[in-house]
Amino acid sequence: MKNHYTTTRARTERVTLLVLSLVFLLSEITHGFTTRTIPSITTSSSSRIYVSSSSSSDQDRQGRRRGGGSATIATTSRETSSSSSHKKTTHHNQHSYNRTKRKVRSMFRYAKTLEKQGRWREASKTLSQILKIDPYDSYSHLALARLESRREQSNVLLLRHTTASSSMDDEEEIGGSKARKAFQRGTEMCPDSIHLWQAWALFEQSMGDIARAKELYEKALSIDSCNPYVCHAYGLMEQREDNLEHAKDLWEHALQHSSTAALVCSLGELHVSNGNASLAKSLYQKHVSRLTSEREMTEVYLAAAWLEEKHFKNYEEAEKLLHIALDQSSMGNSRVQVALAKLEGRKIQSQQIGQHLEGFEKDKNSKNKHDNSKGRKLDVETIQQQQINVMRKRFEEACNAVQNEDSGLSKIMEDGRLYNAWASLEVKSGHLKSARKILMRGIEQYPNDATLQQAAGKVEERFGNYTGARDLYGGSLRIEPSAPTLVAYAMLELRHPTETSAAVEVEEEGAIGNRNKKPKANFTMVERLFEEALLLDPKHGPVYNAYGNMELQRGDVAKARKVFERGENARCTDAASVYHGHAKLELSIGNVEKARDILVEGLQEVERLEGVMDNSYHERAAFLAHTLGMLELNANRAAQAKEVFANGISRHGTSSQLLLGSALCEVKLGREESARTFFEQAVNANKKHAQAWQAWGGMEMKAGNFKVAKTLFECGIQSAPTHGALWQAYATLESRLGNFETARILFAAGVQKCPKHVPLYQAWASLEMRGGNFNEAKLLIGEALTRDKTQGSGWLVAAKIEEKQGNEGLVGLILKRGLECAPNHAELYRTLAELEVNRFRFDAARSLLEKGLEVDPMHAPLYHSLAELEARVFNVDGLAKLNKRAAEVFNTNALVPPPASMQAWGNKIKMGRSNELIPDGVATLAEKVRVDIDIDNTLMDLDPDSIIEQMGGGFEADLDYISGEIEHSSTKQKPLTQQ
C-alpha cells in the first residue's frame, strides 16, 4: 500500500513538473528568452523548483560578466506559477542566493582593505576564494588580475639576491605569469567585461609587449568603440610610440560621445605640445561644462588656469578660473586653494620682474647720460621673499578659515593639503620650527590624514629626531600605505638604521685604530620597502631614484640601471628625478654620450609635462638642465653648454645653479664681463650659494683683481661660513699677496668651522712647507691623510715636504703609496713619472704617463709631460701620435697656445696695474651681505700653532710602512744604469 502510494505520488509530481515546464516555455517564447540556456528542472524527493531563482541569478551573472554598473541583484518579476509551494521554494532559493552575494561583497570589501593596507598576498587569496564561490564575478577577476600584474611588474625586473628569493613562494617565480593567467581566466568567464580587456592591455604594455597590447585594446574597442577609459589608455600608448595622429583620433572620437577630464587634459596636452595653445583653450572651454564630477571639473579648471598662466601670461584669467573651480566645489577643494596661493606668489614675482625690466628700458633710453642705470639691479632674493610672504599669508588665511567652526570649512574640507603646502613652504624657507607647529595643527584638525604624518616625520628627521620620525612614518602607514611614506621610511633606515632592524658591523671611523661599532643598513628590508612603494604607485619617480642610487652605492650597476629604466618606462609624474638619477649612473661609469642622451630625453619629457599642468615636480627640471650643461662644459663644449644653460634659465630664471653654469661658460670662453653679470645674478638669486661666491672670487683673483676677490670671499664666508673651499680660497689669496700670518689665521679659522674639509689641511700644509715649517707641515698633512687617504693631492704634498728636506728615498715610495690609495689621481702619475725621468728610467716614465692618460684623458699636464719626454728621446712618431690624440680631446692643439692668449695675458697685466677699485655691483653686494669679518680683531684670537699641535698621530702607521719599504728596498738596491 505504501509502495503504491509512493509510486502514485511520484507520477503526480512528474505530471505537475511537466505542466510547469510547458508554462515556463510558453512564457519565455512570449517575452523572449532571458537566459543563455533553459534552466534545468530538478526532480527530487522534495520537488524543489529553481525556475525563478535561476532566471534571476543568470541575469545578474550577465551583468557581472560585462562588468558594468554596480553589482546589484537583478530580479525577475515574471510569474511562473501560482502555487504556494512554488512561491515558498522560490523565496527560499532567492534568500540563499542573496546570502551568497552578501558574503561575496563582504569578502570583496575585505580583500580591497587588505590591498590598501599593503597585505597583497592575503588580498590575492581572498579574491581567489571569491571566484571559487562565484566564478562569473568580473569585479573579483579584475581586482585579482590587477593585483597580480602589479606584483609581477615589480618582480619581473628585480634581480633577487639569494636571501631574498628564498622567502618567495615557488608559485611567484619569474618563469610563470600569474597575472596573464588571471587575465586569461577572467576574460574567458566574463568575455564582455571591457575593463578586463583594458587592464590586460595595460599590463602587456607595461611589460613591453606593445603589439599584444594593441590587440587587446582593439578587442576592448570591439565591445565598445567609444569607451572613454579604453580610448584614453590606448591613446596614451600611441602617443608614447609617436603615433600622435592615432592618439588624437582616439581621444576626439571618445569625446564625441562622453567627456572625461582625462580625455580633455590629454588632448589639450597634445595640442599644446604641437604649438596649438589656443586650440587647447577652446577644448577646455567646450568640455568643462559637460563634466558632472567635481573632481574632474577641478582637473580641467586647473589645466586651463595653468595654460593661461604658462602660455598666455594672463594671471588674471588664471585666477578667475581657479575661483570658479572653488565656487563650484562643495567640499572646499584644498587642491584649488593651494593652486591659488602658488599662483598669487608667481604673479607677484612676474610683476616685480616686469617692473624691473620696464625701469631698465627707461633708463637705457633716457637722454640723461648721468642717469644711474647701472645701479638698477634685479634683487632676486627680495622678490623671492615677497613671493613667499604672499603665499604664506594665503595659506594662513585658508587654514584659519578651516579651523573656524563658523566658516563650515572644517566640516567639508576633506584633507589637510593646505597645512602640508604651508609647512612645505616653511621648510624651503628654512623655518623648521614653524613647519613643525603647522603640521601639528594640521594633524590635530585631520588626524586621519596620512600625508600630514609623513610630512611631520620628514621634519623630525631634519631635526635629528629619528625615533620620532619613525613613529610618524609608522602612523602614516597605519592610516594608509603610500609610496612617499614608504620611500621616506626606507631612506631613514638606509641612512640611520637602528640596532633592532640592522646587523651591527665594525666600521672604520676617524684615526687608524679608532674603530666603533655602527649599525649597518638592512638592505633586504629597504629593498622590500621600495618594491612595496612601487606596488602602490608605479609612477612615483622618487622611488626609482632612491632605489637606483641605493643599488649603485652597493656596486650593482646592472641592477641600478634596470631600476631607472623601469622608472622611465612607467612615465612617472616626477620624470626629472628618474632621468637625473639614470644620467648620474652612466656618468659615474664613464658613459658620457649615453648620459647626455638620457638628459636630453628627460628634458623633453619634463617640458611636455610642465606645458600642461602645474605640479610640485616641474622645478626639478632645473637639475636636469644643470647636469647636462655641466656635462657639456666638462667635455670642453662650452658653446653647447651655454645654450643648455640659456634654455634652462628661460624656464627657471631664478635658479642660482643655472646662472652659475652660464657664468662658468663665459669664463671658459674668455668673456669676463659677461661672466661677472651671471655671477652677480647667481649670488643675488641665492646669497648662500657658496660655489658662486668662490668661482667669482677665483676668476677675479686670476685676473689680478685681488681687492675685489677678497671682498667676494668675505661675502661668501659671511653667507656660508661652513663652506671650507671659501676659507681655502681666501687664505690662498692672502698667501699669494705675502700675508703669511693672515693666511695662517684664515686656515685655522677654516679648520675650526669646517673640520671635515680635507683640502684645507693640505693647503695649510703647503703654506707651512713654503715657510720652512716642516714639522708643522708634516702634522697638517698627516691629519689630512688620516681623514682621507683617497685624496691624491695629500700624497703629493707629503712627497713635496720630503723632497724639500732632501729625503729623496722617501719621495718615490710616498708617491707609490699614494697611487695605491688613490689610483685615479692623474697628477700622482705625472709626478712619479717626472721622478723616473730624473732617474733616466724613460720607459717606466712613459708607462706611468700613459696610465695617467687612461685614468684622466682630460688632464692637460699629462700631455705636456709626455710630449717633453718624447722630445727628449727624439721620438717624432710618438709626438705626432700624441698631437693627434690631444686634438681629439681639446678644442685647440694642446702644444700651441690659443691665438687670444696673448691678449688675455695683456689684459691681466693691465688689470693688475689698476687702482683696484671695487665695482659698484660688488660693493652693493658687500653692503647687502653686511660683511663683518675683521681679520685684525675677529680672527686674531686664533692661535694656529695650538691648533696644529692638536693634530698628528694617525699618519704614523703609513710612515712606518713606508720606512719599512725603504729598508727592504735598500737591501736589494742596485746601481742605477742609464736606459
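Guide: Start with the largest nonpolar core of this predicted model. It has 102 residues, and Phe-713 and Leu-815 have the most contacts inside it. Helix 37, residues 758–770, gives the most to this core, with eight residues.

Visitor: What makes a set of residues a nonpolar core?

Guide: Its members are buried residues of the nonpolar kinds, joined through side-chain atoms within 4.5 Å. In soluble globular proteins, nonpolar side chains tend to be buried together.

Visitor: Which residues is Phe-713 in contact with, leaving aside its neighbours within four places in sequence?

Guide: They are Trp-693, Gln-694, Gly-697, Gly-698, Met-701, Leu-726, Ala-729, Tyr-730 and Leu-733.

Visitor: How many helices and strands does the protein have?

Guide: It has 48 helices and two strands. Of its 979 residues, 46% count as buried. Of the contacts with a separation of 6 or more, 59% are between residues 24 or more positions apart.

Visitor: Why is Gln-453 called buried?

Guide: Its relative accessibility is 13%. Buried means under 20%, so Gln-453 counts as buried. Gln-453 lies in helix 21, residues 450–463. Beyond four places in sequence, Gln-453 touches Ile-443, Pro-447, Leu-472, Ser-476 and Ile-479.

Visitor: And what makes Glu-269 buried?

Guide: The relative accessible area of Glu-269 is 12%. That is under 20%, so Glu-269 is buried. Glu-269 is found in helix 12, residues 261–273. Its C-alpha atom is separated by 9.1 Å from that of Ala-303, 34 residues apart along the chain.

Visitor: Why is Ala-558 called partly exposed?

Guide: Its relative accessible area is 42%. Ala-558 is found in helix 26, residues 557–570. The C-alpha atoms of Ala-558 and Gly-548 are separated by 9.8 Å, and these residues are 10 apart along the chain.

Visitor: Which residues of helix 24 are buried?

Guide: They are Val-526, Glu-527, Leu-529, Phe-530, Glu-531, Ala-533, Leu-534 and Leu-535.

Visitor: What about phi at Asn-636?

Guide: Asn-636 has a positive phi of about 60°, although it is not a glycine. Its place is in the loop between helix 29 (621–634) and helix 30 (638–651). At a relative accessible area of 11%, under the 20% limit, Asn-636 is therefore buried.

Visitor: Why is Phe-874 called exposed?

Guide: Its relative accessible area is 73%. Exposed means over 50%, so Phe-874 is exposed. Phe-874 is found in the loop between helix 43 (860–872) and helix 44 (876–889). Its phi is near 60°, a positive value in a residue other than glycine.

Visitor: How many disulfides are there?

Guide: A pair of cysteine sulfur atoms must lie within 2.5 Å. By this rule the count comes to zero. Cys-399, at 0% relative accessibility, is under 20% and so counts as buried. Cys-754, at 5%, counts as buried because that too is under 20%.

Visitor: Where does UniProt place the feature "repeat: TPR"?

Guide: The unreviewed entry places it at residues 104–137 and 826–859. Residues 104–137 are 79% helix and 0% strand, with end C-alpha atoms 9 Å apart. Residues 826–859 are 79% helix and 0% strand, and their end C-alpha atoms are 7 Å apart.

Visitor: What is the mean pLDDT of the protein?

Guide: The mean is 79, and 72% of the residues reach 70 or more. Over residues 23–61 pLDDT stays under 50, and the model has 63 contacts for them beyond four places in sequence. Over residues 68–82 pLDDT stays under 50, with 38 such contacts.

Notes:
Residues are numbered from 1 along each chain as its sequence is written. This is a predicted model: local features need pLDDT of at least 70, side-chain atom pairs count only at pLDDT 80 or more; totals for chains, interfaces and linings use all residues. Side-chain values use heavy atoms; hydrogens and water are left out. Buried means under 20% relative accessible area, exposed over 50%, partly exposed in between (1.4 Å probe, protein chains only). Helices (H or I, at least four residues) and strands (E, at least two) are DSSP runs, numbered from the N terminus. Contact means heavy atoms within 4.5 Å. pLDDT is the predictor's confidence in each residue, from 0 to 100. UniProt positions are given in the numbering used here, feature names are shortened, and annotations may be inferred rather than shown by experiment.
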